[in-house]
Amino acid sequence: RFLIIPSMLYRKVSIIMTKEYLYELIEQQKECLFEMADQIHDNPEYDGKEHKAATLLKNYLAKNGFVVEFGLGEWPTAFRAVYRQGEGGIRIGLLCEYDALKRIGHGCGHHMQGPCICSVAVALKKANLNESFTLIVYGTPAEETRGAKINLLEHGYFRDIDVALMMHGGTDTYVDERSMAMSYYCVNFYGISSHASRTPEQGRSALDALLLAFNGVEYLREHVQDDVRMHYTISELPGAANVVPAHAFGEFSLRSYSRKVLDDVCIRFEKIIQGAAMMADVTYDIKKVKALDSKIPCNKLNKIIIDNAIACNAPGISHARNNTGSTDFGNVASRLPSSCIYVKFVPSSTPDHSQAFVDAGKSKEGHNAILYGAKILVGTCWNLISNFDIKKELWEDFEKAKCEGM
């Protein structure tokens, strides 16, 4: 007698067994992963100068048989590592960041991302799966500052992938449904310096223009949508009170969950700067330092990821997050199906960009987050690789959300 197993049940059992094998391939790398993460944690690097971290990660991929291109676009610490199996199949992008925060260190957990992503890529390569697929690992620096993904997109990168995946340390285990678009400006006003007691025509206060600009932003607040956020600061002290300042430098951050809405706000903001200069009778220059796009959600991809988080018993699984910040990953996620899994390694009430994140970076929980993130993503990749219809389904879900203006 023979036991007849329905094909759907056989496929489900096969997927589960393959995932268990992939988990084991992750576990086999763990000591090396922890060592890499700790090295990156102890040597924080910033703003495109992440030479040690990038070299460590690209060397690990090269040693494991990936074809690595080092230095992409305008970023010497960006890299692209490729492995192809067979002909055709889905092209999966695995993205990682490795920059720290100035004066804080790894207060956002970016030191975990590279080891996690590299382990996923290596496990999938070593598994000798029967299906055809392509893995492309992108190392992307300067997320906290200039946002390398923006420039990399301008140079044509990420067009070689069908889906983008990331991992991030967090206060719980969840995915984001959206992110905020952001435009970041540096504004310089130039006046004429004089002694403060001289007649008005002898001086032109650049600081007056900057303060007028701040007030203009305040008056704009009641005329924008509820989700718009506007922040500003004086980026350089103007000097003594008895001197009319010839220079005043300010920085402005404008955000919304809609890039379209934010573009309209930016037009009005730029008019405020122009008007402030006219009122103070000074000149100015304005520079948009970076423009981050809002994410288009791919709920089908998010569900696959959370199902994999449940399957490997990840800690602190929570609902999808809607109250989010801004990231250059949004520029990728506004162009193709994308998602990032956040994995719990600190208590739920812990603020990110904090010393508490730094202190937990090399903890047992931090190390475990790397493994959980890797297992979640390797399981997700296997779901994408083994389902021939999934690429079409993800893109349909993504395009629908895009049309709905999400």
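## The largest pocket

About 1,000 Å³ of space lies in the largest pocket of this predicted model. A pocket is found on a 1 Å grid over the protein atoms alone, as an open set of points where a 1.4 Å probe fits, with protein on both sides within 12 Å along at least five of seven lines. Its volume is the space filled by probe spheres set on the points, which are joined across faces, edges and corners. Rolling a probe the size of a water molecule over the atoms shows where empty space is left.

The lining of the largest pocket comprises 46 residues, and C108, E143, E144, S326 and H353 are those nearest its centre; a lining residue has an atom within 4 Å of a point. Two or more lining residues are given by each of β5 (163-170), β7 (181-190), β12 (283-292), α9 (329-333) and β13. Strand β5 contributes the largest share, 4 residues. By class, the lining holds 16 nonpolar, 15 polar and 15 charged residues. Here Ala, Val, Leu, Ile, Met, Phe, Trp, Tyr, Cys and Pro count as nonpolar, Asp, Glu, Lys and Arg as charged, and the others, Gly among them, as polar.

## Basis of the model

Residues are numbered from 1 along each chain as its sequence is written. Because the model is predicted, local features need pLDDT of at least 70 and side-chain atom pairs count only at pLDDT 80 or more, while totals for chains, interfaces and linings use all residues; side-chain values use heavy atoms, with hydrogens and water left out.

## Overall architecture

The chain has 12 helices and 13 strands. These elements are DSSP runs numbered from the N terminus, with helices being H or I of at least four residues and strands being E of at least two. Along its principal axes, the C-alpha trace spans about 105 × 45 × 40 Å.

Of the 406 residues, 55% count as buried. Buried means under 20% relative accessible area, exposed means over 50%, and partly exposed lies in between (1.4 Å probe, protein chains only). Among contacts with a separation of 6 or more, 82% join residues 24 or more positions apart, where contact means heavy atoms within 4.5 Å.

## Packing of α6 against α7

Helix α6 (residues 206-220) packs with helix α7 (residues 259-280) at an angle of about 145°, and their axes are 8 Å apart. The axes are lines fitted to C-alpha atoms over the stretch in contact, and angles run from 0 to 180 degrees between N-to-C directions. The crossing of α6 past α7 is right-handed; a crossing is right-handed if the near helix is turned clockwise from the far one by less than a right angle, and left-handed if anticlockwise.

On the α6 side, the contact is made by D208, A209, L212, A213, G216, V217 and L220, which meet V265, R268, F269, I272, I273, A276, A277, M279 and A280 of α7. The residues of this contact divide into 13 nonpolar, 1 polar and 2 charged.

## Positive phi in two loops

A142 is not a glycine, yet its phi is positive, near 60°. This residue is in the loop between β4 (133-139) and α5 (148-154), and A142 is buried at a relative accessible area of 0%.

H353, likewise not a glycine, has a positive phi of about 55°. The loop that holds H353 runs between β13 (338-344) and α10 (355-360). H353 is partly exposed, with a relative accessible area of 37%, and is one of the residues nearest the centre of the largest pocket.

## Individual positions in strands and helices

G250 is found in strand β11 (residues 247-256) and is buried, with a relative accessible area of 1%. Beyond residues up to four places away in sequence, G250 touches Y185, C186, V187, L210, T233 and S235. G250 and L135, 115 residues apart in sequence, are 43 Å apart in space, C-alpha to C-alpha.

K52 lies in helix α3 (residues 51-63) and counts as exposed at 55% relative accessibility. Leaving aside neighbours within four places in sequence, K52 is in contact with N43 and E45. K126, in helix α4 (residues 110-126), is partly exposed with a relative accessible area of 42%.
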